[in-house]
There are 4 protein chains.
Amino acid sequence: MDLSLDSFYELHNLNLEATVATVTQTPNVKKPWGGVFREATDPRVEKFTESISFDQRLAIYDIQGSQAHTQMLATIGILTGEERDQITTGLGEIGAEIASGQFDFRQEFEDVHMNIEQALIARIGDVGRKLHTGRSRNDQVSTDLRLWIRDEIDRIIALIKDLQRAFVGRGKQDQGVILPGYTHLQRAQPVLAIHYWLAYCEKLQRDQGRLLDCRRRVNQLPLGTAALAGTTIAVDRQMVADLLGFDGLLANSLDSSGARDFVIEFASCLALIAEHLSGLAEEWILWSTSEFDFLKLPQAFCTGSSIMPQKINPDVLELVRGKTGRVVGNLTSLLVLVKGLPLAYNRDLQEDKSPVFDSADTVAACLELLAPLVADAELNRAVIANRLEDGYLDATTLMEYLISQGVPQRTAHEIIGQLVASALDLGVPLRQLPIEHFTAAHPTLSGSAHEILGVQAAVDAFRSYGSTNPAEVEKQWNQWQKKLSED
Amino acid sequence: MDLSLDSFYELHNLNLEATVATVTQTPNVKKPWGGVFREATDPRVEKFTESISFDQRLAIYDIQGSQAHTQMLATIGILTGEERDQITTGLGEIGAEIASGQFDFRQEFEDVHMNIEQALIARIGDVGRKLHTGRSRNDQVSTDLRLWIRDEIDRIIALIKDLQRAFVGRGKQDQGVILPGYTHLQRAQPVLAIHYWLAYCEKLQRDQGRLLDCRRRVNQLPLGTAALAGTTIAVDRQMVADLLGFDGLLANSLDSSGARDFVIEFASCLALIAEHLSGLAEEWILWSTSEFDFLKLPQAFCTGSSIMPQKINPDVLELVRGKTGRVVGNLTSLLVLVKGLPLAYNRDLQEDKSPVFDSADTVAACLELLAPLVADAELNRAVIANRLEDGYLDATTLMEYLISQGVPQRTAHEIIGQLVASALDLGVPLRQLPIEHFTAAHPTLSGSAHEILGVQAAVDAFRSYGSTNPAEVEKQWNQWQKKLSED
Amino acid sequence: MDLSLDSFYELHNLNLEATVATVTQTPNVKKPWGGVFREATDPRVEKFTESISFDQRLAIYDIQGSQAHTQMLATIGILTGEERDQITTGLGEIGAEIASGQFDFRQEFEDVHMNIEQALIARIGDVGRKLHTGRSRNDQVSTDLRLWIRDEIDRIIALIKDLQRAFVGRGKQDQGVILPGYTHLQRAQPVLAIHYWLAYCEKLQRDQGRLLDCRRRVNQLPLGTAALAGTTIAVDRQMVADLLGFDGLLANSLDSSGARDFVIEFASCLALIAEHLSGLAEEWILWSTSEFDFLKLPQAFCTGSSIMPQKINPDVLELVRGKTGRVVGNLTSLLVLVKGLPLAYNRDLQEDKSPVFDSADTVAACLELLAPLVADAELNRAVIANRLEDGYLDATTLMEYLISQGVPQRTAHEIIGQLVASALDLGVPLRQLPIEHFTAAHPTLSGSAHEILGVQAAVDAFRSYGSTNPAEVEKQWNQWQKKLSED
Amino acid sequence: MDLSLDSFYELHNLNLEATVATVTQTPNVKKPWGGVFREATDPRVEKFTESISFDQRLAIYDIQGSQAHTQMLATIGILTGEERDQITTGLGEIGAEIASGQFDFRQEFEDVHMNIEQALIARIGDVGRKLHTGRSRNDQVSTDLRLWIRDEIDRIIALIKDLQRAFVGRGKQDQGVILPGYTHLQRAQPVLAIHYWLAYCEKLQRDQGRLLDCRRRVNQLPLGTAALAGTTIAVDRQMVADLLGFDGLLANSLDSSGARDFVIEFASCLALIAEHLSGLAEEWILWSTSEFDFLKLPQAFCTGSSIMPQKINPDVLELVRGKTGRVVGNLTSLLVLVKGLPLAYNRDLQEDKSPVFDSADTVAACLELLAPLVADAELNRAVIANRLEDGYLDATTLMEYLISQGVPQRTAHEIIGQLVASALDLGVPLRQLPIEHFTAAHPTLSGSAHEILGVQAAVDAFRSYGSTNPAEVEKQWNQWQKKLSED
């Protein structure tokens with residue numbers, strides 16, 4: 001078997017780096033589907049309906065799919081062994097040409113499928129006319145797109161892991177650092193820096209899980225179901241699926257002809273990743289302000305102002321946040337697109353590619369940039385420590401101490417709330433509130449309050465699984481290190 | 001163990017039928033969190049920030065969660081056995097009151113959690129003040145919402161199966177009916193009616209798969225992670241998870257405090273179902289027109305016009321199609337909502353409930369209505385048959401016959417295309433085109449064309465797995481019957 | 001003429017305060033459009049297709065429109081004077097009943113139009129059957145919705161002005177306060193507090209302009225175009241327009257029957273307001289953090305935590321920010337809804353009301369809450385002043401001084417950038433950088449730099465129209481005061 | 001004054017035809033804003049943050065704006081006359097180079113502004129360093145984008161008029177043709193073809209109105225407000241506004257620095273146009289089916305199938321419908337983008353350009369293709385006429401006749417509804433229903449029913465303004481012809 005997937009991936013890698021090739025136009029060329037037509041296509045229509053300017057990105061998958069199809073056609077006797085070899089070789093050469101940027105994509109052939117088929121016919125003659133047996137562009141494009149998404153899922157999962165590694169990798173340098181934790185952006189309780197980093201790892205892990213679930217639904221072969229009803233050619237779909245590494249066969253041709261839920265599911269997974277990254281970006285933009293001053297971003301990841309000489313701006317993070325817009329917008333595009341479409345292929349579906357290409361590229365680019373940025377940023381430990389006793393981060397600990405002494409939670413909450421109000425009036429942390437306040441508040445506080453208070457004590461006091469208790473966090477950090485080193 | 005989940009589900013069922021209870025307002029009530037405050041909440045703020053008017057829907061889950069929490073608090077020694085029983089019983093009585101529509105929800109207590117807690121304290125006194133130990137509303141609402149979504153997923157999967165059964169159930173009455181298949185809404189190839197019905201079953205099956213994947217991520221316990229950092233109370237989270245039927249524990253408190261990807265994933269799954277239903281609705285609206293006239297909808301599922309006496313309109317289908325808008329809009333709302341939020345709880349997240357409630361209700365209502373509509377609609381077999389030879393549904397079969405005779409596909413396509421053009425000029429189906437056209441087109445067609453042509457012959461000619469070949473379709477139909485009877 | 005619009009507005013105001021009335025159901029009631037039907041509507045269909053649970057909100061506009069229609073029908077001779085009076089009075093009484101919450105809305109009559117018509121017939125007998133002459137629910141609901149939107153636009157414009165007044169009203173107390181201005185959330189240049197407030201006034205003014213433009217397109221009468229093609233009754237549409245205060249008549253019945261661009265345009269205007277408010281909310285949430293500490297929100301506009309006793313959270317602002325989600329989601333719903341609908345009415349359009357009602361209510365509620373919050377918040381002048389020299393807010397001023405001395409801008413930018421780098425190394429503001437640095441940087445800086453530097457000097461140095469120069473800002477502030485007092 | 005706007009527009013036209021120029025990269029080039037930086041920008045960051053690959057589209061507006069700025073700087077004495085001429089000429093030459101596709105855009109200069117400035121300095125030396133005086137990229141890009149949108153609005157309005165002309169131009173050939181009008185896609189009442197065409201003209205006219213309203217808000221000058229606070233240079237903003245044809249000046253620098261509501265408003269206008277076109281596309285796709293068969297699309301505007309030889313598909317219309325997705329998605333992107341951004345410029349805003357460029361291009365392309373398609377399509381008059389008596393299009397006319405005889409509308413509706421039910425049972429149009437049914441239904445129908453019935457009679461019977469009455473329609477058609485010939 002000479003499908004040589006490896007060499008395709010090599011080609012594919014080349015292709016990923018290539019800029020989009022220019023598309024040329026020669027109007028009034030006879031169309032491969034033109035038999036029934038009495039009139040030539042209007043050149044404006046060619047321009048409006050073409051997809052080759054963007055679906056050329058699928059070229060290598062199209063060739064891979066066509067080679068598997070060819071192999072199968074030979075096995076079932078539609079092609080001779082010689083024909084099979086001619087087509088396979090021809091397609092391979094076209095693939096190489098495309099990968100090297102030499103291929104002449106032509107608008108009048110509309111899309112990547114017809115461009116390659118026409119090039120094949122030009123190259124090997126009449127035999128090339130046999131390639132499209134038992135299939136249609138409808139199942140062909142669905143196959144191509146599934147192969148592409150499958151690869152993208154793998155690529156994005158690898159990038160997710162890189163970002164997780166960047167977070168986990170900060171563990172050593174940030175060990176012991178306590179940060180304020182916030183709810184409502186108001187200081188709430190103290191949290192270990194590593195606990196912050198692992199929170200993002202957890203979110204990214206769920207994102208990965210969604211991608212893997214999506215992959216199972218993507219990785220089902222539509223090829224061989226032809227236009228919408230199947231084919232009278234006795235194609236061996238299972239053989240094609242095996243050659244291309246699909247997990248199974250789509251079972252209903254009417255369904256598979258126009259199904260795009262696999263595209264939308266992938267775009268939804270990407271939107272959730274973008275949302276998670278937007279939260280990280282927001283948080284780190286805040287932490288990089290002169291007011292928070294928790295974080296020093298690497299200057300190599302900042303840019304300046306054309307007018308204000310002092311500016312060092314967190315542009316990468318702002319763009320990551322802003323790009324959420326396009327990823328959500330792409331998902332909306334797809335959801336509007338398929339609304340109210342009857343079964344089987346409608347040309348509207350051609351519009352599925354730009355949004356999903358853009359979402360994958362955007363999320364991949366954000367992940368790629370964030371990994372080194374996360375790795376290289378530095379916590380301003382002194383600044384953080386200086387203001388750590390602000391904001392009554394230990395108030396809840398004191399309340400829970402009261403609870404442990406038998407005071408009902410709601411009562412304890414009220415008592416500590418009033419103590420904080422007094423401390424606010426005096427402008428001091430709880431620990432500096434005169435002891436008589438504590439004594440007056442509740443007898444049990446007279447002796448013990450000061451031992452319990454303070455941010456370090458508060459952190460150490462946590463007990464629950466999943467809490468920021470140092471031992472708990474260390475355990476989880478070790479698990480993450482192990483997990484990521486195994487992958 | 002007396003958690004009596006069954007009785008809760010009973011209550012819950014009652015609750016689902018109940019209309020939303022009215023919320024009353026008594027301003028200037030002291031807040032349970034008011035210790036630190038020097039000023040009372042503005043009544044306009046109470047109205048603006050309340051969630052009780054919609055999150056009362058979570059009441060039964062809130063009680064269920066609180067009962068499990070109570071049981072655990074007793075086990076770890078925070079509550080005595082007597083206290084546990086008092087709280088458990090009190091909560092049960094409150095649940096019954098809510099389920100019977102007698103409970104007085106009050107705006108000044110903001111949300112379902114505080115309404116129930118305050119009612120508990122009013123009912124059992126100081127002991128009720130202990131309930132909120134080791135937890136916060138942040139983990140509580142996440143728990144409630146996960147329990148609700150888990151139930152909704154189960155409910156919607158059951159409704160999906162009902163709709164699948166309605167499609168599969170049509171098999172007997174529609175056996176042998178051939179319909180035109182369309183691409184681009186132009187007649188394309190003939191397709192068995194049952195093949196149509198199974199296409200929708202396939203789509204719905206993927207929708208079900210997505211819901212099940214989502215369910216695994218939803219069914220992780222956040223309770224016990226408290227506000228954002230965990231708690232100093234040595235809570236036993238695993239015990240609570242076991243009591244409530246969760247599959248696992250969320251491992252990072254900072255993450256779980258504000259995570260809403262589980263809500264958005266569920267809303268995405270619902271959006272895809274809505275999209276699938278919108279396609280079905282569109283198709284059947286078309287088929288019900290005077291022009292297509294394939295389908296007679298049950299009059300009980302149509303409504304009329306206030307002005308035009310003759311109208312019998314497919315309103316249910318139109319509304320199903322239109323409701324896609326709100327389901328997609330709800331997803332957008334959620335994606336806008338969480339954009340750019342830093343870690344842990346922000347009050348913005350209160351806005352997550354209305355959209356997800358509405359999406360679940362909408363999709364459930366559409367599925368519920370479509371099942372009987374699909375079951376009761378009738379195909380107009382005579383009308384369909386009369387026009388079945390229109391549109392050259394057999395052209396591709398003839399082309400594939402040529403291919404089987406060794407003509408390259410692209411050449412065969414051109415030949416048949418020109419034959420259709422001639423038939424179009426004469427205004428006849430291919431089968432009525434004079435034989436000399438076939439002979440001129442290709443020698444092999446001179447004798448055989450007429451045997452191959454015709455819609456019934458075309459259907460019978462299909463061979464590929466997943467095609468509309470009658471034997472293939474019957475096999476799949478049987479599998480679906482088996483599958484759905486087993487569930 | 002006894003249309004008594006004023007009394008309707010009175011009723012309407014009552015109605016706005018009323019909670020949504022409950023809808024009751026009596027299945028198997030004969031439908032007003034049921035003549036052609038052989039089968040009763042399925043009760044599940046009644047529940048699924050009803051709109052009375054939400055379009056009851058249009059009741060008063062429906063009655064107003066029907067009274068104008070009645071007056072016109074009498075003028076063209078379809079109704080006698082007596083019939084006109086019976087109907088007008090009957091409708092008035094029904095309106096009063098609705099406004100007082102006594103009206104029994106019934107699900108089996110589907111919508112507000114049929115509920116009122118049936119109540120009229122029940123009340124005045126056969127004469128009531130004449131009301132629906134020359135119109136359809138299609139033009140009726142469009143009329144109702146236009147009247148409602150017209151009122152909502154006026155209401156929201158009034159609320160916008162209130163918020164503008166709150167900003168402008170802060171002028172006296174905040175006079176002279178200088179705040180850091182930010183780009184990229186990094187300190188950029190100094191800005192007067194009032195300049196900040198007027199920035200929001202400008203944005204809101206454009207929002208108002210969009211609403212007024214929208215109002216002109218909304219305020220066109222569709223009534224009288226009947227179902228989709230007009231009517232054979234010689235209705236006087238201009239008379240109805242005059243009675244109802246419409247600016248003109250929609251000129252094409254096919255267009256007006258299903259046109260919803262007026263709804264979507266309104267929803268778009270609301271989305272932009274929500275976006276503007278989300279920016280304000282974000283900014284003030286930041287300013288209320290312990291880290292920025294620029295702003296003290298009134299405690300009456302904050303709420304606390306169920307677990308953390310010290311928390312005073314900016315919930316109103318967070319909810320304003322979060323509610324952007326639903327307003328954008330509603331717009332998306334509408335845009336999905338109308339996609340791909342052919343001309344004239346389709347039942348999908350019933351789904352237009354919930355989103356637009358929700359968007360208007362949401363934006364109105366946010367504006368209502370923000371006005372007092374903006375008025376009552378206090379700037380922490382001392383805290384702001386203490387840190388005002390952080391962040392090199394005067395660097396650009398110094399650069400522009402160099403430019404005024406003939407140094408090209410790009411060169412001056414480089415020089416000052418390097419001075420800031422030196423100051424950063426030393427951890428001092430520019431003004432505290434040793435003089436030799438300035439001398440070395442550029443001869444002209446040796447003497448003058450220290451006079452130019454400092455935030456107050458920087459503010460005073462601005463010259464351009466629209467800048468934060470104190471005299472400029474005062475002039476604009478005066479203009480705003482005048483403008484808002486005139487409205 | 002030598003701004004030579006005309007020559008710029010000439011260049012601009014060239015530019016519109018040019019493909020996007022390739023962007024080259026030379027890493028580690030010193031940045032124009034690099035003075036304060038100690039570290040070079042990471043090349044991955046350059047690639048991630050660059051906008052030159054897409055904002056090069058604004059080049060000609062950027063040059064135009066810079067030339068006006070230069071002129072002003074000379075007038076206020078910042079530049080000498082000679083300097084002004086050097087800069088103006090240099091910019092003009094760069095513009096010519098860009099327009100001819102010879103300009104070397106470089107990624108390391110990030111955006112169009114810096115690329116042009118750096119090219120100017122390279123070309124004319126130190127004088128070029130003076131250009132950026134008194135401005136920032138923040139106000140510069142806002143100016144460029146406003147100039148671009150202003151032009152796009154004018155372009156799209158011209159295209160709207162072309163499409164309106166195509167509709168109105170059909171009037172002669174389609175005179176007298178009656179089509180079924182639909183509601184709920186069920187045959188409703190008869191409508192003149194020209195009435196259909198003018199319905200679309202009305203929708204497009206409102207779209208035009210929205211664009212013109214938007215244009216007023218777009219056409220306000222931000223330039224001269226610099227980064228966010230204004231400038232200490234005494235710039236003459238009014239002079240720049242006059243030179244560039246702006247209607248006014250934005251009055252608050254903090255507002256104008258980051259305001260993007262003008263972009264979103266434009267994108268909203270475009271979304272409504274796309275929605276209107278999606279409805280037209282849907283309608284004409286339906287009319288082109290074998291089942292409706294009302295319309296013959298020009299074959300030059302259709303394409304075929306790769307597998308099915310007979311297919312002639314309405315691809316242009318399907319793509320127009322599908323492209324609604326991207327235009328709505330772009331609007332969503334923008335609304336997500338600006339959510340929660342504080343005042344003044346944030347780098348997120350760079351993401352505003354791709355969506356708005358794409359929406360404008362998409363809508364323009366759709367309008368461009370639809371005009372010839374609408375002009376050249378042909379109504380199948382015979383097919384339409386043959387089936388015109390199907391669907392009881394005259395039922396409402398008969399009902400209104402009864403009303404004119406004094407029968408209350410609701411009663412008349414019931415009577416005619418039952419007549420239609422009888423006709424449906426017999427499978428005949430109303431006119432062929434035996435006379436005894438009419439006599440039994442209502443005495444007044446015994447003689448007259450048959451005169452009133454029939455589709456032609458029904459059309460002629462319409463009376464109301466805006467109806468499909470032939471005289472009414474002709475009057476409006478004439479007005480449209482006049483209106484469009486005047487523009």
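**Note on the interface of chain C and chain D**

1. Chain C and chain D bury about 9100 Å² between them, 58% of it from carbon and sulfur atoms. Buried area here is the accessible area (1.4 Å probe) that two parts lose on being put together, summed over both. On the chain C side, Thr232(C), Leu343(C) and Arg410(C) lose the most area to chain D, together 8% of what that side buries.

2. The model is predicted: local features need pLDDT of at least 70, side-chain atom pairs count only at pLDDT 80 or more, and totals for chains, interfaces and linings use all residues. Residues are numbered from 1 along each chain as its sequence is written, chains are lettered from A in the order in which they are written, and side-chain values use heavy atoms, without hydrogens and water.

3. Contact (heavy atoms within 4.5 Å) links 112 residues of chain C with 113 residues of chain D. Of the interface residues of chain C, 100% are also interface residues in chain D, so the copies meet through the same surface.

4. Chain C superposes on chain D by a rotation of 180 degrees with 0.0 Å of shift along its axis, at RMSD 0.0 Å. The two copies are thus related as by a two-fold rotation axis.

5. The criterion is a side-chain nitrogen of Lys or Arg within 4 Å of a carboxyl oxygen of Asp or Glu. One of them pairs Arg206(C) with Asp261(D), closest N and O atoms 2.7 Å apart.

Terms used
Copies are superposed by least squares on the C-alpha atoms of residues with pLDDT of at least 70 in both.
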